[in-house]
Amino acid sequence: MELFNVYPVTPINIVKALGSTVWDEQGTEYLDLYGGHAVISIGHTHPHYVKSLTEQLNKIGFYSNSVLIPIQQQLAKQLGEVSGKADYTLFLCNSGAEANENALKLASFHTGRKKIIAFSKAFHGRTSLAVAATDNPSIVAPVNETDNVIFLPFNDEEALEKAFKEYAEEIAAVIIEGVQGVGGIREASIPFLKLIRSLCDQYGSVFIADSVQCGYGRTGSFYSHDYSGVEADIYSMAKGMGNGFPIGGIAISPKFKASFGLLGTTFGGNHLACAAAVSVLDIIKQDNLMENAAKVGNYLIQELNKFDQVLEVRGRGLMIGIELPTELAHVKKDLLLKNKIFTGEAKPNVIRLLPALNITQKIADQFLTAFEERLKA
Ligand SMILES: Cc1ncc(COP(=O)(O)O)c(C=O)c1O
């Protein structure tokens, strides 16, 4: 049997990894500033993570949500503390799309309404409603098409006010990434997030903060939306949560009422996934990784802004987009092939840096030197 060929892959077989270093099968060493797409939060094969998962697996890996799973409560408690939202409740699932799907469903259950507001260049995942709220027609199947999602220009306050006036009590939710990832590292403005909060309050709609990529400490605060000083009603999360072990979740404000059967999943919240997530939170707290993300991220942004050829540097903390002119579109590929550095991209010419939250200034400097070399070449 062959694989269903949906990924344009880089022909490198990574067989070993430690921290922000990975090795291929020939033993060639690479610097990983991509983190497997913002997933590696505490570094590859972190000793505490490996130990926690191994110990848990030797006890029990999985049982369904039909029995008590105390490590779920432990995870919820630690997440509440680290994120500063101890009064929210947690529903666990397996991926970012699933987190958003559940967030949107919950908003609709809660309000009894159907309309969702999403924004240009948004990416919320590939399940039915998440993909319908994603601004990329090429990945929306006919069966996912719906009139219930209204797309508005990103950061356009006037358009948002107009849409609320027009659809008013039909609007179940507004969903927005604090920093758009796939969309090219674009930050939601603080006034825009504040306006979403006040319009959702005024019209009884639900504010969903998609934190799947920009959350979990990556921007220097736990949720990137925190910079606006307003709270969302639901935060969706996934990528960095399990440092590579599949786990997602939604943090739900106390205004929502749970009832048996409202949401559900077979695998979500299993012992092994929770052990992974707990060990990630242990390290985020113990090693002050949010502070580190802010510090090293600010340094990178400041230094990257000094290169004349760079059109724009966007982002916050360790979620950075470097916009290059078309003639430098080869730089990302050259960084990998010539300097052995993995980075991410956003179309057409944005290099995305999404490294582990514990990268050092030395690693940042290593990247900056390589980047300068590539620009000069
Ligand atoms: C902002 C955002 N939301 C949702 C998703 C979907 O997450 P997953 O691929 O885990 O379903 C992604 C994935 O890239 C994302 O960047």
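Two strands pair if DSSP finds at least two bridges between them. Helices (H or I, at least four residues) and strands (E, at least two) are DSSP runs, numbered from the N terminus.

The structure is a predicted model, in which local features need pLDDT of at least 70, side-chain atom pairs count only at pLDDT 80 or more, and totals for chains, interfaces and linings use all residues. Residues are numbered from 1 along each chain as its sequence is written.

**Exercise 1. Determine the strand order of the open sheet of 4 strands and describe its pairings.**

Step 1. The order is E1-E2-E3-E15, and the pairing is mixed. The edges are strand E1 (14-18) and strand E15 (341-342), each of which pairs on one side only.

Step 2. Strand E2 (residues 21-24) runs antiparallel to E3, and 3 bridges join them. Within this pair, Thr21 stands opposite Leu31 of E3. E2 and E3 form a hairpin with 4 residues between them, and Gly27 in the turn has a positive phi of about 90°.

Step 3. Strand E3 (residues 29-32) pairs with E15 in the parallel sense over 2 bridges. Leu31 has Ile341 of E15 as its bridge partner, and Asp32 has Phe342.

**Exercise 2. Characterise the packing of helix H6 (residues 157-167) against helix H7 (residues 190-203).**

Step 1. The two helices pack at an angle of about 10°, with their axes 10 Å apart. Here axes are lines fitted to C-alpha atoms, for helices over the stretch in contact, and angles run from 0 to 180 degrees between N-to-C directions.

Step 2. H6 and H7 are therefore roughly parallel to each other, the term used for angles under 35 degrees.

Step 3. H6 contributes Glu157, Leu160, Glu161 and Phe164 to the contact, while H7 contributes Pro191, Phe192, Leu195, Ile196, Leu199 and Tyr203. Two residues are in contact if their C-beta atoms, placed from the backbone, lie within 7 Å.

Step 4. By class, this contact has 8 nonpolar, no polar and 2 charged residues. Ala, Val, Leu, Ile, Met, Phe, Trp, Tyr, Cys and Pro count as nonpolar, Asp, Glu, Lys and Arg as charged, and the others, Gly among them, as polar.

**Exercise 3. Describe the shell around the ligand.**

Step 1. Of the 14 residues around the ligand, Gly96, Ala97, Gly125, Val212 and Gln213 come nearest; a residue is near a molecule if its C-beta atom, placed from the backbone, lies within 6 Å of it.

Step 2. Helix H4 (residues 96-111) gives the most to this shell, with 3 residues. The shell has 5 nonpolar, 7 polar and 2 charged residues.

**Exercise 4. Is Ser228 buried or exposed? Decide likewise for Lys338 and Lys121.**

Step 1. A residue is buried if 20 or more other C-beta atoms lie within 10 Å of its own, exposed if 12 or fewer, and partly exposed in between.

Step 2. Ser228 counts as buried because 21 C-beta neighbours lie inside 10 Å. Ser228 is found in the loop between strand E10 (206-210) and strand E11 (234-237), and it touches Ile190, Leu193 and Lys194, not counting residues up to four places away in sequence.

Step 3. Lys338 has 12 other C-beta atoms within 10 Å and is therefore exposed. Its place is in the loop between helix H10 (331-337) and E15.

Step 4. Lys121, with 19 other C-beta atoms within 10 Å, is partly exposed. Lys121 also has a positive phi, near 70°, in a residue other than glycine.

Conventions: Angles under 35 degrees count as roughly parallel, over 145 as roughly antiparallel, 65 to 115 as roughly perpendicular and the rest as oblique.
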